[in-house]
Structures are given as structure tokens and as C-alpha cells.
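Reader: Hi! I'm new to this one, could you walk me through it?
Author: Happy to, here it is.
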Amino acid sequence: MMQIEKYKTEIEYCTLERCAFCREGCPSWEQMRFETYFARGRMYLIQGILNGDLKLNKEIADVIYSCTTCGYCKDMCEAGVPTTDIYEAFRKDLVKNGFAPLERHKKLVEYMKHDHMRNPYGEEKTKKYEWTTEFSNIKDKGELVFFGGCTMPLRSPSTLKNMIKILHAAGKEIAITKDEWCCGSIGLRIGDIKFAEEQAKHNIELFKDMGAKTVMTACAGCYRTLKKDYPEILGEKLPFEVKHITELLVEILKINKLPFTEEKEKTKVTYHDPCHLGRHMNLFEVPREVISKIPGIDLIEMKRNRKNAFCCGAGGGVKSQFPDLAINNAKDRIREAIETGAEILLSSCPFCIGNLNDALNEMASKIQDKIKVIDILDLIALKIQEK
Amino acid sequence: MEKTDLFNEIVRIVPIENASIKDFILYSYRKDWGVIYRSFEFKKTIEHSPDIVVKPENTEQIVKIFKLANKQKIPITPYSGGTGLLGAAIPHYGGILLDMKSMNKILEINEDDMSVRVQPGINLEFLNNELKKKNLILGHDPWSRPSATVGGCISTNSVGYRATKYKSMGEQVLGLEVVLPTGNLIRTRAIHKSSMGLDLNRLFIGTEGIFGVITEAVIKAFPLYEKRNILGFTFENFNKGFETVVNLFKKGLYPASLELEEELPRTSNTPATLQIVFEGIEEIVDLQTKMLKGLCEKNGGRENRARSVKKKWEERHIGFQKLAKRLGLDNYVKYHGWDLNVGLPVPFVKEFRSKSLEICRKYNINVLYVGIWDHPGDFFIGIMFTPEQGESAIKAHRELVEEVHKFGGTMETVHGVGLAFKRYMEKEHGIWGIDIMKKIKQALDPNNILNPGKQIDIK
């Protein structure tokens, strides 16, 4: 039996009532602009497979993997068709039938399984912890464990250094293990789940050994995986709480623990909701609350925000397999941010920030002069450093 | 012409990434929104793949495509939002499918003229939001606003929630640029009135692309309202509510939106709910509201709670999706059903309502609701039935249409004709009416390449 068969009714509904309210705002449709590339068309294709009109093939796999699994269509569907769950189920079918993982995804999975790596970037495991060397106050064990993930330590370690400065200023101490594996998000999103259970078990054992009461992460993808997917994979509640860094920051800022400088002039910023934090985990207001508590900051919302936010284009394995699609969406998102008049585009996911910056680097220099893309952590650190 | 040869010809006209003959692309263009659900007389065989999908970017490309298709006698089907309900955008004979959604630019907003010039693939919701920035709004507000396009709405002459004030989409058209099937281009003058003979815009309004494909449209924009009042009243029965609506119009009180609905109606004395929306200048809206309340009170209408009335209005674009969720998708997909939106001379509405319930009762068909939408003469009836009741539902539908015509009415006021209602066109327009249409079609499209099989059949 195929995994998608359990969604037969939902698929049938979507192919009967083809309202297409999921179209305007779907990142893959925005770039490809054929019916096939948004939920209505994808559901119809999947039904074509189920009723035997179409056969599984590499091209259909490409269509399904061109979705960033941002969840916009799922949220737009008032009838409740769980589109992204259906895609993830179908991806498992594609893996099972040998049409996936796609070429580049295969490589990522290999890297993650490699004992010297355990990250999808193909970097040596030790490189993930290089950023910690300048901090003597990071412990090996403790109640507040920080899970660094792969993207931030390997691609934007300066943000992690900023985080430590902020936590230090707030009097918070964290513990970090040097044996964490990739959270497993990539495998889960691309449907190669065999290894995900092993990854989850490995990481959970580490956290337990460290005495974690809270596991915190600054990555939206890791956050979703730890908090939502781990209990589902294991079929049981986790023995610790999972928090995103913004949830800790809001607690810190509520009791006014950061030594911000007084600001005379306002800086206009806007905020990009990472899909894995917002639509997937309903964490829309917490990051905004954090931003609102930074002195001298004027938050202006983009036209599409919160549940309606436009995906940066990187998720669901798209960044690695279809880099142009990811970059082109990010360019659209940057243009939308510039329309607000903001000088800074903030986000709270290293993967979104990386993709947005990759896009910005490809754009004309006059656009690059207009806006910077940084993490909320970087902005806070800047405001503290100025004191 | 072989598919690959056609592809090679087409990509001389459009960029290669704008055309596809791949099965997985073609497959997703096999139908529009819900044709099977509504047009129960058809089976799945109505679905059909095109031979090629083309996304034109400009008028010149369409002119070239039409010239090629006309020479080679290849059918062309225009397709935009894909939200038509009656199959007008289904590529019934294969051939070239023109996906118009890439022609989606706003070309000019003319604030003094209160008009906007757009490409046909622009989405209504997006356009409305852009107009709001200039203190203007779009008058057209159909159920499908989040996904429908201007070109599709003109081609079906569709009607939306605020058509009481702003009328059908067709009546909002000022000027059009159209590519004719032979590849010739016409552009009508985008002005508010003309007495210079035949209004050529009308050839392309509601004719679902059988005479030409709209490549540009100038449509009216309206002032952004200062105030909007959404009001709801419950009447003892349909007739009381209906009389109130008639009086409302006789007083010259034209709301933006009007809906009188009777859920699960019996023959008499099922409560009916009236929803009225006024929008415009604050003082006028307040006065209209006061007068409406007086009229409703006279007929025993009780005002409904503001919160529930507002909620119903705000959820107008997602009503059926919510219904489906409430019923459970597994229940929902088991049923078939349709809405009939008919236009009647106002004096016959009450009689038609009784007659329609009688017909449905005769065939044991479950009526979900009946009511009035936009105008006192615009009557709707919604039914649901199991697949086993299919034959009875077809008979009931045919009898209802007979009755509409007997009363001098029109059988559809909202959604168009497409494939589904083609069978009723001769009844609706008469032999000579159809003859005119066929002659126009033959004159403009001698090879019958443009959207063949829709509305009328040409040998």
C-alpha cells in the first residue's frame, strides 16, 4: 500500500473542489507558473497516480520535490486538506519506489550518515564546534542545553557568538554537546526517514545524559523537528521541553535583563516568518514581541506576513536540489521587504537568512545598499555592543 | 500536426520554458473548478488533456500562435484562473491550451477616469489590493476572488457578492483588446459611453473566448467606501423577506450586496435570513441603514446579532470549504449537487420558488437552500443528492429549467455556459438566436479553432 492512500479522501476532495485558493502565494507556482506546480495541480497528479492514469516517474518526483513544504497551501485550505503531509507521505512512496532521494538529496543523506560528518554540508564534525572555542562559560552538562544544529555553526557562526554574548549579558548559562548529529529534518522532509529515528534517538540520549530540562535551538528547522517530529517518531513525550531561542529571549526581555543603549533615532526593520517557526509551529508573535522590545526599532510588516508570509524558497530540500527556484523566491521576498522601507530584514532561521543573503548577493548593488538580512540575535547583539 | 512538431513551432514564438508537452504538465489542465460536481450530467470522460500548454507573455505572441493554429486548424482553449464551474476552460478537443496567468500586469490605474487597464491574467484579489492603495476598489467580488482572474470573469460575465451595486463583471468593462481567431487584433475604445453602433465589447463578454481571446481590458474602478454596514434580519418566511427586498428596490435603496436565504426550506413558513451590505459615504450609508431597518420592521424582520452577520460576510469566500470541513470530507465527497442561479421577472419569483420546491419534492431531492442574490429577480436553489439519485436529479434539473423558461426567465445569471449548459442554449435563445451566434462564430472563426465545443456547436 502506498503511503498516500491514507489521504485518498482529502485528495479526492481537492480534485472535486478545485478552488485554487492555494495558488497566489505558493513559492513553486510563483516561479514555474504551470498549474502542476501548486497544490491543486499536485493533488490532481497524485490522484492520477492513484487511479492509474499516470505512472510514477522521475519528472513527477521533481514536481513533488519542487515544493518547499512551506505549508502555505495547507493553511489556505479552509476545508482542511493537509497538503504538506500528503507531499511528505508521497515522498516516502517515491523513496520506496526508487525515484527518490533525488541526486543532490542523496548526497546530503550520505553526509549525515558519515561518522566524521553527521551534517548535510559535508563538513568535518569538529568544525561545527569551532565557534565555541572563544567561550569559556559554555558547559558540558546543564539544565539548559543548546542544540546548535548544522546550518548556524557551519554557515553563520558569528550569530551564535552573538547569542552567547546576549545570554551572558542576561546571566544565562548553556550546555553544549560536541557529539550532536543533524536533527534529521532533511531526511524527514525529503521522505528518507529510515535514518531519522536513529538521529532522534542519538540526540535525545545525549540531551538526557547532559541533564537537560530544556533543549533550546536557534534554528527554525531544528525547532520543528525536535518539538514536533521527535515525539511523533518515538511515539512518546520528550523528557525535556523544547524552545526556540526567541522564546527564551522574550522571557529575558520581559524582565528587562538586557543592557540596551538608549536610542534617539528609529531604525526601520521588517520580519520574515520562517515557515518552520510560523506556519508549522504557530510561533508568530513571540519573535515580534522580541523585536518590539529592542529600543530604537520600528517594525514594519511586509504585505504578506504571519500565516500569509511568503516562503523564502529554501525549505523542503529545494535549496539543494533546485537552487534557482530557491534564490528566485528569495529575491521576490527581498523586494517585498524593501517595499516596506525597512533597512533591515530580520528573521530567526539560519536557513532562511542564508538563502535570502545568497539572493541579495546576486541582486544589483543598489538593492544591496538598501537592505541587510540578519538574525534577530545579530540585531540585539549590536544594540548591546553599542553600550 | 505531431505534438513535437507543434512544440517546435510554438517555441519559435514563446520562450522554451513557456511551453510544455510533458504529460505531467498537460494532465493538470484537464479540468476547471468542480465541473463534475456541478454538472452532474457529465462523467469523468469530460476531462481532457491539451496537446500543449503555452504561457504567452504578450499580445504579439498570441497573434502569432493564432495565425499558426488557424493555418494548421489546431484547437485553442484559453485558461486562466481555472475557477469556472461549467467547463468553459476544459481543452475538450485537445490542441493548444493558453494559460493566460503570466499576462498579469496592471498597465495603468487612471484615478480621475476611475478605471484600470490590466492584462487578463491578473488575479482579482491582488488587483483589488493594489486599487485600495489609490483609494479605489474593484466592483467584482465573486466567491472565487482569491484565485479568479479578470479575463476569466469577463469571459463568463460572472457575478459577485457586491453586484447589486457594481453589477456583473461585463457591465464594468470599458474597453478591450482582443485577438481574433484569425490572428487579427481589435481594440475597442475605453470610454464610458458611445452611440457609435454595435458595442463590440459585448461580443467578448460572457462568450467564454469563442469569438476571441481578451489580451487587455480596461475596467471600471470604484471609490473606496468610507463606511460599510453589514446588516442581517430574520423574517418569518421567504415571502415576507422577499416583499421587503422588493420594497427596498422600489424606494431606490440599492445596497452593495443583498442575499435572502432560506435554509432547508419547506413549502411555507421556514424562516428566511436577509443580509444587506451598504457601502459608500458615511452619512448616506447611515441613512440607508435607518431606512432599511424601518422597512424590515414593517414586515416583521428581526435584526440579527452583528457578530454573526459580520462573520458570515467575512467568510463569504470560504463558505463551502468550511461546510465541507464541518460535514467531514469523507461525507462531502460522497454527494453530488448543484446550484441553479436563475433570473426571473420579479412578479414570478414567489411562484417559481414554490414550483421549484414542488419539483424537488416530486423527485425526492434534498433542497439545501433557496433564496435571492443581488437582485429581487435573481433566484437560487441549491440541492444535494447521492450518486444513486443521479437520474432523479437530472430530471428535476431539466424540469426546473423548463419552468424558468416558461416564466420568461434565464436559466443562469452567474456562472456562464461552458460545456455543461450548452444543451440549454437553444431553449434559452431560440433557433434564430442561436443562428446569429453561429453565423458570428463562422464569420470570425472559419476554422472553428477557438474554444470549440463551448456554448454552441459548429459543424
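Author: Helices (H or I, at least four residues) and strands (E, at least two) are DSSP runs, numbered from the N terminus. This is a predicted model, where local features need pLDDT of at least 70 and side-chain atom pairs count only at pLDDT 80 or more, while totals for chains, interfaces and linings use all residues. Residues are numbered from 1 along each chain as its sequence is written, and chains are lettered from A in the order in which they are written.
Reader: Thanks! Which helices and strands supply at least two residues each to the lining of the second largest pocket?
Author: From chain A, α2 (27-32), α5 (72-76) and α16 (323-339) do, and from chain B, α5 (124-132), β12 (227-235) and α11 (306-314).
Reader: And what kinds of residues are in that lining?
Author: The lining has 21 charged, 13 nonpolar and 10 polar residues. Here Asp, Glu, Lys and Arg count as charged, Ala, Val, Leu, Ile, Met, Phe, Trp, Tyr, Cys and Pro as nonpolar, and the others, Gly among them, as polar.
Reader: New topic: what is the strand order in the open sheet of chain A?
Author: Its four strands run β5-β4-β6-β7, with parallel pairing (two strands pair if DSSP finds at least two bridges between them). The edge strands, β5 (297-299) and β7 (372-375) of chain A, each pair on one side only.
Reader: How many bridges join β4 and β6 of chain A?
Author: Three bridges, in the parallel sense, link β4 (residues 267-271) and β6 (residues 344-347) of chain A. A:V269 has A:I344 in β6(A) as its bridge partner.

Technical notes: Side-chain values use heavy atoms; hydrogens and water are left out.
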